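Subject: Structure handover

Hello,

Here is the structure you asked about. My notes on it follow below.

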Amino acid sequence: MDAVRRSPWPWLILTGFVLLIVWSYRGTQVDLGMLLGSEGRSQIATYVTKLFPPDLSMTMLREAGVGAVETFAISFLGSLLAVAIAFPLSVLTTRTLLYRGILHERHHLSPLSKGIRVGIYGTAKALLNLFRTIPEIVWALIFVFLVGLGPFPGVLALGFHTGGVLGKLFGEVLEDVNQRPIEALGSTGAGRLSILLYGILPQALPQFLSYSLYRWEVNIRAAAVLGFVGAGGLGQRIHVAISLFLENQLLTLILAVYVMVTLVDWLSSALRRRLI
Amino acid sequence: MNSSPTAGSAGRFQSKSAFPYLLVFFFLLSLVLSIRVAQVDPRLLFEPAALANLGRFIRGMFPPELSRSFLSVLGPALVETIQISVIGTLLACLLAIPLGLLATSSLTWSGILHERREAKRRWLLGFFPYAVARGLLSIFRSIPEFVWAFMFVRAVGLGPFPGVLAIGVAYGGMLGKVYSEILEGVDPRPLEALRASGATTLGIVMYGLLPQALPNVISYTLYRWECAIRASAILGFVGAGGLGQQVELSMRMFQFNEVITILAVLFVVVASVDLLSGKIRARVVR
């Protein structure tokens, strides 16, 4: 601990961050003075007063309701699709099953077989990286381009991006499980599939579930904005309301987003408490 | 169900055994309804038009656009993305610290620090600000940064500033909630010891609470900064500066070779920030 305290690293890092902040502050031309000054305040006050009261007419409520249900459906199906994409790919990135660790200590793999296995690992990993790197909204643009407007491209967009994220997390869990059950199964001559099913998955499942629920919470927020590029849900309606200066309707829709996000957060944490 | 073997604990057993069925039932119900609502139709993906578009898209990506003129447009956008994320996260901290402290029940109205305060003052000076802070944080984080950005663009105009504000407000809400959770989770014993030795509330906070909470607070803030870079890269879609604006432009003009270059740049940036903040976090939390 003392050695750590005396090392220059904390100060170097701190200085680095201060410089980064100064550089960024100048670059972004942030003018908090303007925002908090009389002009900025009145600008914001005008905008906020325009938002009120929310439009609670029957047609608008129905519209918000439909959007909310659509958003929920997109987030739900998107998360499921993500799990369906993440799971097989994460199994393929589990090196302990492919070519490394306790199962492979005794008998050496032939160079060719090892090469193929490393290739499988690398390909699956690269796919997951690709899926993860492309943001949801770009995926949404791509799928709108491919299959047209509507909630379906939103589902696909969430599925692919979140699939990449979950795949990485799942892969880490699969490699981190306790190796002793695997060793025991391996020594009884069990095949790869039964080792996966009986040795690894039972250990990994609670964390899989926990990560998936967490990503669902992220996805309900994402589903609410994918509509900005035409992928359905509340986002589409928010986009219209903002573009047409319909502030009162906007507030209703934002309230709907708030309700949906809070609902999913609550559901997810209730499920997590119950299941894990 | 009513042939439960032990009558005494029937309620408990019943709820335990019914839960999985209910769960599966509601899961399947939401699945079926969601598929209908979201107009899921996998066939769309394999229609000739979609396949033709996919071919166009993939062919269009190659070769990636690496011309000097395009890269010189990209450079400033990338710098702006990073700067937005830094100042946005800073603003988020500035919002999250006071609100997070107020939203910490052990600081404002319950637990060891407040045992001796009279009930009425505890409620008025403690619980009321606590509830207001919680509510604000919940609103801040439940509205996606994208929607915030869109609204701020309307309120303060185009450019990086609305992006900073959007990240600041949305991430302020998340950070504030997590800060308060970290603070509530600290070991209360040092606080008790400090109180017993006659320390003031400020002293207890400074020497008992913060030293325990700081590593986690820093670690989580750095993690949020990583997320902020991703977020600021796409906020440009609604006119809030950074790379996103460029992605949208290129996408709308069907310049897929530009899109792939931008995505590659984004990948490198996000990966290096992951690496950097991972290294720092490993140092902070041990």
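The mean pLDDT of chain A is 85, and 97% of its residues score at least 70. Confidence in chain A is lowest in helix α1 (residues 2–6), with a mean of 52, and highest in helix α5 (residues 58–92), with 92. Where pLDDT is low, the predicted coordinates should not be read in detail.

On secondary structure, chain A has 13 helices and zero strands, while chain B has 12 helices and zero strands. In chain A, 40% of the 276 residues are buried; in chain B, 37% of the 286 residues are.

Next, contacts within each chain, counting pairs at least 6 apart in sequence. In chain A, 77% of these contacts join residues at least 24 apart.

Finally, the interface. Here 48 residues of chain B are in contact with 47 residues of chain A. On the chain B side, helix α4 (residues 68–102) of chain B gives the most, with seven residues. That side of chain B has 37 nonpolar, six polar and five charged residues.

Regards

Conventions: Residues are numbered from 1 along each chain as its sequence is written. Chains are lettered from A and ligands numbered from 1 in the order in which they are written. This is a predicted model: local features need pLDDT of at least 70, side-chain atom pairs count only at pLDDT 80 or more; totals for chains, interfaces and linings use all residues. pLDDT is the predictor's confidence in each residue, from 0 to 100. Helices (H or I, at least four residues) and strands (E, at least two) are DSSP runs, numbered from the N terminus. Two residues are in contact if their C-beta atoms, placed from the backbone, lie within 7 Å. Ala, Val, Leu, Ile, Met, Phe, Trp, Tyr, Cys and Pro count as nonpolar, Asp, Glu, Lys and Arg as charged, and the others, Gly among them, as polar. A residue is buried if 20 or more other C-beta atoms lie within 10 Å of its own, exposed if 12 or fewer, and partly exposed in between; C-beta atoms are placed from the backbone.
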